[in-house]
Structures are given as structure tokens and as C-alpha cells.
Amino acid sequence: MIGSEVLDVAIIGAGFAGIGTAIRLRNSGIDNFAILERGTAVGGTWRDNTYPGAACDIPSRLYSYSFAPNPNWSHTYSGSGEILDYIHTMVREFDIESRIRFEHNVIDIAWDEAAGYWSVRIDGRDDVRARAVVMASGPLANASLPNIRGIETYEGHKIHSARWDHDYDFAGKKVAVVGTGASAVQIVPELVKIADTVKVFQRTPGWTLPRVNRKTKDGTKRRFTRYPQSQTLARSMWFWGHESVALGVVWKTPLTRVVELVGRAHLRRQVRDPWLRRQLTPRFRAGCKRLLMTSEYYPALQKPNCTLVTWPIATLAPKGIRTVEGVEHQFDAIVFATGFDVSNTGTPIPITGRDNRVLADEWSAGAKAYKSIAVSGYPNMFFTFGPNSGPGHSSALVYMEAQIEYIVDAVSSIIDGDLQSLEVRQDVQDAYNAELQRKLDKTTWNSGCSSWYLTEDGFNATMFPGFATQYVNQLRRVEREDYTAVPRVLELPNEPARAVAHS
Ligand code: NAP
């Protein structure tokens, strides 16, 4: 049913990006917004990923917003609980809670060209109309069980890493972990402490680098509280440290070999058995898949109750996993650390733009946007973590903050300039993407491995081929010549009359 409410901005999702957007919109004087969240709590990926050992492999000083510094991070790298607390603290301190509508599952978004607003359909509730929409639903929101033959026949307990079952007691159980990506390398060291046995099913060994996690001293916390500039300086040092790593991780350069040397040395130091070492040695360029930052994973694999299985999985059976050489491994529980249903093709929610264009159709071969944020044909809509916005070497929050500032600039142009629509030009978007794909050819991500960064056809719709500095700089301001701006001619229903601007 069409509701009567007209928002200036509808934000889809109450994760890091949605909350950050709300804070910065409010700081810039835009207050008529709502966050539509399908869940019952804030936090997005950090609400959902509560598996044992869940943590961020980027230092907290950098994995946080510069406009909401936290002097009290307990360690260099924080666990998921502490990151979730940080999000809750932002919601409280910036007074965002009243703007969040929980259990509002957005099922369809369509542009009403004549009226100049987006119609946002919500499951079982009245529609909301909004002059602008910010898609902050996140690329890793949908946990998916892998498409393994026989998965439905398995009779034991199935757990996905992003939907952890905290009621299940692993003590004394025979457990399988399928997958050896960023989530698995955090889960395995914790599981081996409690389960009877753990078998880890590896399809592709990844590049693994050491991670030194230090407790933050009380004196340091006090200093950061008293002298906020010292924390800004620390953040800046982490930023530039990660920028220098880009030279070896983002592009295939001689420094990529250096990263690989560090990975090999880490493997040699932690794994004495040459056969196990061989099984764990990656066969693709470092950086192509996400680097695994852990000093705990290799030691955990060598615990007496842990086994690495490298035979490919043939099928799941009622009692466990059958590998291709014909062995059946029986388990009480299988943990799937197999990643997410990533929408680098299609869209998470059906979106119909100008002239009934359907974004999922346009993105069927791989998503494309302008500067990862705006899409031609879809005016007044802005994406956080849209196409080609992923960092391979730095903090997602640095990228997210830049996106938010750009989006707030664009939304301010719409509201303050009383625009009906602000739409990126198709030719500008095409030129941007042609250049982007040309640059991606030289990156490690496109160097021949398979990962969630690429579509099945090998199109990279995920990563930004450059330094974080370049990504951030391109988003410093909305260049009006990149966009077509149409002044508003109609008043929106049920709103106080406003002066209509004419250009
Ligand atoms: P992922 O990186 O996609 O890894 C999935 C793992 O499951 C891979 O080892 C994959 O093997 C394996 N796999 C998938 N399907 C399989 C199948 N049918 N049979 C056997 N193995 C299968 O997923 P993730 O570890 O959940 O991480 C996803 C993303 O979340 C990361 O890239 C990162 O961006 C984010 N994350 C971040 C952190 C952090 O600390 N910041 C922590 C966790 C996750 P192949 O490699 O052979 O495909």
C-alpha cells in the first residue's frame, strides 16, 4: 500500500555504512531520513558474524570512522563484539536509534519519474517515498550454503559461519570445517580448543601472513583521550603503512614477490612437516584472493585433534562428507565457512529506474557504476560499497567514509538545490568504467585465481584498482558536470509548500 510519508532520504541497512550515512546526513543538516533495516538490531556483518574468533584483520585505529574516533580499542585488532559495541556507541552518541525502523524488509524500489521520488516497498508494511535512496545493504549480507552435491541429505548439524548457532555445544564433537578463507582461519583455532576432532576441508590454500595483535596499554588509551591528535596521527601511520603494501598486493609487481616471500617464510616458520607445508602452499599470486592475516591458523592445524583434508569433496552423505578418493568422513556437525552470496551481478533488491530500466538486467554480466556510487538511469540513488569499491590492502571503513561524504554532498545538492533528480551521465559512467577495467587488468585480482571478487566470466565488479588515496580523492566532491540535474517542478504530496528553484 502506498503510504503518505515522504522522506528526504531512505537508507537501506543499519550496518556500518547506513549508520555512518545517517550520522553525516544529520551533521550536514538533513534530518528527514529513516534507516530501513530488515533485522532487529544494528551492526550488519558485525551483528551476523559472531562465530568464535570473529575479528577484523585490519587495525581498529583504521577500521573505524575518523568522525567517531575510539581511544579505547582494547587491542590492535578488535574482535567482533568490540566492533559491534563501537557501532552501538555511535548509534547512542549520535542519537540515531529513533531513525531506525527495524523489521522493515525492503522488497522493491522503483523511481517515479513524474513525481521525482523513489517508491520503496516494504514487506507487509506501507510503502515509503523518498527523494533519495542510499543503498547500504552491504555486499556480504547474504550467507549462503555452498552448492555441494548431497548437502540436503546430511543429517548432522549444519552451521554457516555468518549464522553461528551459539546453542550448539561443540565439546566432544567431531566437526568438519569446509573452506579456508578469512572466516575459516579465525574459526579453526577456536574450534580445535573445544571440539573432539576438527577436519578442515581445503579447496585452495591461501596466502597467509603473520598478524601481531597487541593489547592497548591504559596509558595509550589515556593519551588518545587527552590528545585526540595523537590518535589521528596513529591512524594516519596505519593508513600510510597499508598504502605502501598496495604496491605488492594490488598490482603484480616485484613487491608481490616480497609479499610471497613473507608468506613462505611464515609457513616455513610455523609448519615443520614438508608434506603439510606443500599442501598449504598457494599456487596463485599473493593478493589475488584476500590475504589471510593470522598467526594462529597454522599452529591450530597441527594440533593432534586437527586434520587438513585436501581431497576434493565429492558429495555430502547422511553421516558426513565423502571425498573423491572414496573415503567417508563422519561428523556430528559441519561448519560452512564458504562465503556469501555476493551480488556482483544482479542487485540484492529489485530496482526499477527511469524509463522502467531494471538494474538487475543491466548488471547481469557484472555490476557497473560511476565511482562505485551512482548509476546512470537511476537518479537520486547512491550505493555504499557499490561496484568496484573494494580495497585489497586497506580498511573498508576508509573507503566507506569517502563514499558517505560524497553521498551527503550529492543529497545536499538535491535537497538544498531543490532538484527533482540528479543523475550521472551515461557517457561519464562508461568512460569511467572503461578506464577502470583497463587498470584492473594489471592487478593481482585479475591474475588468474577464482574469488568472490570476480563473476563467473571473470569480470571484476568488486575491487578498486588503485591506492586508497586515489579512491578517496576522486570522491572529494560531486562534480556537477558529471551529472544531469533537473530542477523540481512538482511539490511532493503531503509536504509543506517549498519555494521551487529554477535554474
Ligand atoms: P571466502 O573468502 O569466500 O572463502 C570461502 C572459502 O570456502 C574458500 O576457501 C573457498 O574455497 C571455500 N569454498 C567455497 N565453496 C566451496 C565448496 N563448494 N567446496 C569447498 N570449498 C568451498 O569467504 P569468507 O572466509 O567467509 O570471507 C568472505 C569475505 O568476508 C572476505 O573476503 C572478507 O572480505 C570478509 N571477511 C573479513 C574478515 C576480516 O577480518 N576483516 C574476516 C572474515 C571475513 P576456494 O578458495 O577454492 O574458492
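A disulfide is a pair of cysteine sulfur atoms within 2.5 Å, and the views that follow, which begin with such a pair, come from a predicted model.

**View 1. Cys288 and Cys449 are joined by a disulfide.**
The sulfur atoms of Cys288 and Cys449 lie 2.1 Å from each other, and by the cut-off given above the count comes to one disulfide. A disulfide is a covalent bond between the sulfur atoms of two cysteines. The torsion about the S-S bond of Cys288 and Cys449 is about -100°, and the disulfide is therefore left-handed. The pair links distant parts of the chain, 161 residues apart, with Cys288 in the loop between H8 and strand S11 (292–293) and Cys449 in the loop between helix H12 (426–440) and helix H13 (468–474). Both Cys288 and Cys449 are buried. Two further cysteines may be looked up in the model: Cys56 is buried, with a relative accessible area of 6%, and Cys306 also counts as buried, at 8% relative accessibility.

**View 2. Strand S6, residues 128–135, is largely enclosed by the rest of the structure.**
Eight of the eight residues of S6 are buried, which is why the strand is described as largely enclosed. Strand S1 (residues 6–12) pairs with S6 in the parallel sense over six bridges, and within this pairing Ala130 of S6 is the bridge partner of Leu7. Strand S18 (residues 381–383) is likewise parallel to S6, with three bridges between them, and here Val133 stands opposite Met381 of S18.

**View 3. Strands S5 and S6 form a hairpin.**
Strand S5 (residues 117–122) runs antiparallel to S6, and three bridges join the two strands; at one position Ser119 stands opposite Arg129 of S6. Five residues lie between S5 and S6 in the hairpin, and in the turn Gly124 has a positive phi of about 75°. In a regular strand the side chains alternate between the two faces of the sheet.

**View 4**
The residues of H7 that are buried are Thr256, Val259, Glu260, Gly263, His266 and Leu267. An α-helix has 3.6 residues a turn, so residues three or four places apart point the same way. On the other side of H7, exposed residues are found at Pro254, Leu261 and Arg269. The buried residues pack against four elements, namely strand S10 (208–209), helix H6 (228–249), helix H8 (274–280) and helix H9 (297–301).

**View 5. Leu308 is a buried residue of strand S12.**
Strand S12 covers residues 306–309 and includes Leu308, whose relative accessible area is 11%, so that Leu308 counts as buried. When residues up to four places away in sequence are left out, Leu308 touches Val200, Gln202, Leu276, Gln279, Leu280, Tyr297 and Leu301. Arg24, by contrast, is 284 residues from Leu308 in sequence, and in space the two are 47 Å apart, C-alpha to C-alpha.

Terms used. Residues numbered from 1 in each chain as written. Predicted model: local features only at pLDDT ≥ 70, side-chain atom pairs only at ≥ 80, totals over all residues. Heavy atoms only, no water. Buried < 20%, exposed > 50% of the residue type's maximum accessible area, 1.4 Å probe, protein only. Contact = heavy atoms within 4.5 Å. Pairing = 2+ DSSP bridges.
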